[in-house]
Number of protein chains: 2
Amino acid sequence: MSEEVIPHELRLAIMRLARRLRAQKADDTISDSQMSVLAKLHHEGAHTIGQLSEGEKVTPPSMNRTVNSLETAGYVARGAAPDDGRKVVVTITAAGTEFVQQTQSRRDAWFVSRLEQLTPDQRTTLDAAASVIRELADS
Amino acid sequence: MSEEVIPHELRLAIMRLARRLRAQKADDTISDSQMSVLAKLHHEGAHTIGQLSEGEKVTPPSMNRTVNSLETAGYVARGAAPDDGRKVVVTITAAGTEFVQQTQSRRDAWFVSRLEQLTPDQRTTLDAAASVIRELADS
DNA sequence: TATTGTTATACTCTATAACTATA
DNA sequence: TATAGTTATAGAGTATAACAATA
């Protein structure tokens, strides 16, 4: 790992693989940023517009528009915050939850189908590296 | 690799790592798509508009606009094709080459700094998996 | 006629600035 | 006054449709 070439090519391969994984959605009616917000609401529960814009590193007007699109699609709902009349609480709907689950299934299926093309040795190598990749992602 | 859990978590880790890599934009003055075209010209030499649009999976008008931006920035130049008067050959300039090298170095820096946090054993494991990840990304 | 590149136009996602309602 | 959300407007990037030049 003393060479510069290996990190460079590994970085490109990881970004390219992630790009292909991201393309596997339940359908093409929803953008990447919309999908990201929907997944966040699914995993972490309700958020305000401000919390979402901060978490997704987007401006409040942009997040407002993203939430508008998801609301029109029926995947999220706006509600009043009990403690503060200025805040808007965004929650995921049943349809939104189902969409997230379908998308995750599809991405997993695509990834598994690719893994099945590898040799047993390659899968063993990748399996050993999985924990390292997790650590890199969380470091 | 017969379990579903491992592909699922590996997939999430790869997507999360890619998301963090993508966030390391430094102070770039050109977009991702422009950078991608510039890198292609740098590594693979001159291409026509049609070749670029096909390779980047974008429509010809979009690629035309991307090339316009790069040309205005002084990073590429248009030239006539000797064999076919309809074609336009796009080549990278010296300034474009330098920009690619500097930008890629900046983007690699973050990744290298993360790799340096790993143990030697972890780096060896990851190094062995790099070719498998490349194959996955290109499969 | 078919192909290559370009122009015209529109839609999406992002941003900044200004506005409304509430604290 | 300050904050949370929204609206107005503009700048990239992408797309389809139509056009010009060349094969």
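Student: Which residue is the bridge partner of His47(B) in β3(B)?

Tutor: The bridge partner of His47(B) in β3(B) is Val90(B). Before going on, note that this is a predicted model, in which local features need pLDDT of at least 70 and side-chain atom pairs count only at pLDDT 80 or more, while totals for chains, interfaces and linings use all residues. Residues are numbered from 1 along each chain as its sequence is written, chains are lettered from A and ligands numbered from 1 in the order in which they are written, and side-chain values use heavy atoms, with hydrogens and water left out.

Student: OK, and how many bridges join β1 to β3 in chain B?

Tutor: Strand β1 (residues 47–48) and strand β3 (residues 88–92) of chain B are joined by 2 bridges and run antiparallel. Two strands count as paired if DSSP finds at least two bridges between them, and the elements themselves are DSSP runs numbered from the N terminus, helices being H or I with at least four residues and strands E with at least two.

Student: What about β2 of chain B, how many bridges there?

Tutor: Strand β2 (residues 76–80) of chain B is joined to β3(B) by 5 bridges, again in an antiparallel arrangement, and within that pairing Val76(B) has Ile92(B) as its bridge partner.

Student: In what order do the strands of the chain A sheet come?

Tutor: In chain A, 3 strands make an open sheet in the order β1-β3-β2, with antiparallel pairing. The edge strands are β1 (47–48) and β2 (76–80) of chain A, each of which pairs on one side only. Between β2(A) and strand β3 (residues 88–92) of chain A there are 5 bridges, and Gly79(A) has Val89(A) as its bridge partner in β3(A).

Student: Switching to the interface: how many residues does the contact take from each chain?

Tutor: Counting contact as heavy atoms within 4.5 Å, it takes 41 residues from chain B and 41 residues from chain A. The buried area, meaning the accessible area (1.4 Å probe) that two parts lose on being put together, summed over both, is about 4,700 Å² between chain B and chain A, with carbon and sulfur atoms giving 71% of it.

Student: How many residue pairs are in polar contact between the chains?

Tutor: There are 7 residue pairs in polar contact between chain B and chain A, both residues being at pLDDT 80 or more. On the side of chain B that touches chain A, the elements giving two or more residues are α1 (5–23), α5 (94–115) and α6 (120–138) of chain B. A polar contact here is a pair of N or O atoms within 3.5 Å, where within protein one must be able to donate a hydrogen and the other to accept it, and residues adjacent in sequence count only if both atoms are side-chain atoms.

Student: Is Ala18(B) buried or exposed?

Tutor: Ala18(B) counts as buried because its relative accessibility is 1%, where buried means under 20% relative accessible area, exposed over 50% and partly exposed in between (1.4 Å probe, protein chains only). Ala18(B) lies in helix α1 of chain B and touches Ile14(A), Met15(A) and Ala18(A), leaving aside residues up to four places away in sequence.

Student: Which residue does Arg134(B) meet in a salt bridge?

Tutor: Arg134(B) meets Glu9(A), at 3.6 Å from N to O, and this pair crosses from helix α6 of chain B to helix α1 (residues 5–22) of chain A. Arg134(B) is partly exposed, with a relative accessible area of 28%, and Glu9(A) is partly exposed at 35%.

Student: How far apart are the closest N and O atoms of Glu44(B) and Lys40(B)?

Tutor: They are 3.7 Å apart, in a salt bridge. Glu44(B) and Lys40(B) are 4 residues apart in helix α2 (residues 32–44) of chain B, so about one helical turn separates them. Lys40(B) counts as buried at 16% relative accessibility.

Student: Last one: what is the phi of Lys57(A)?

Tutor: Lys57(A) has a positive phi of about 55 degrees although it is not a glycine. Most residues other than glycine have a negative phi. Lys57(A) is in the loop between α3 (49–55) and α4 (60–73) of chain A and, at 77% relative accessibility, counts as exposed.

Key:
A salt bridge is a side-chain nitrogen of Lys or Arg within 4 Å of a carboxyl oxygen of Asp or Glu.
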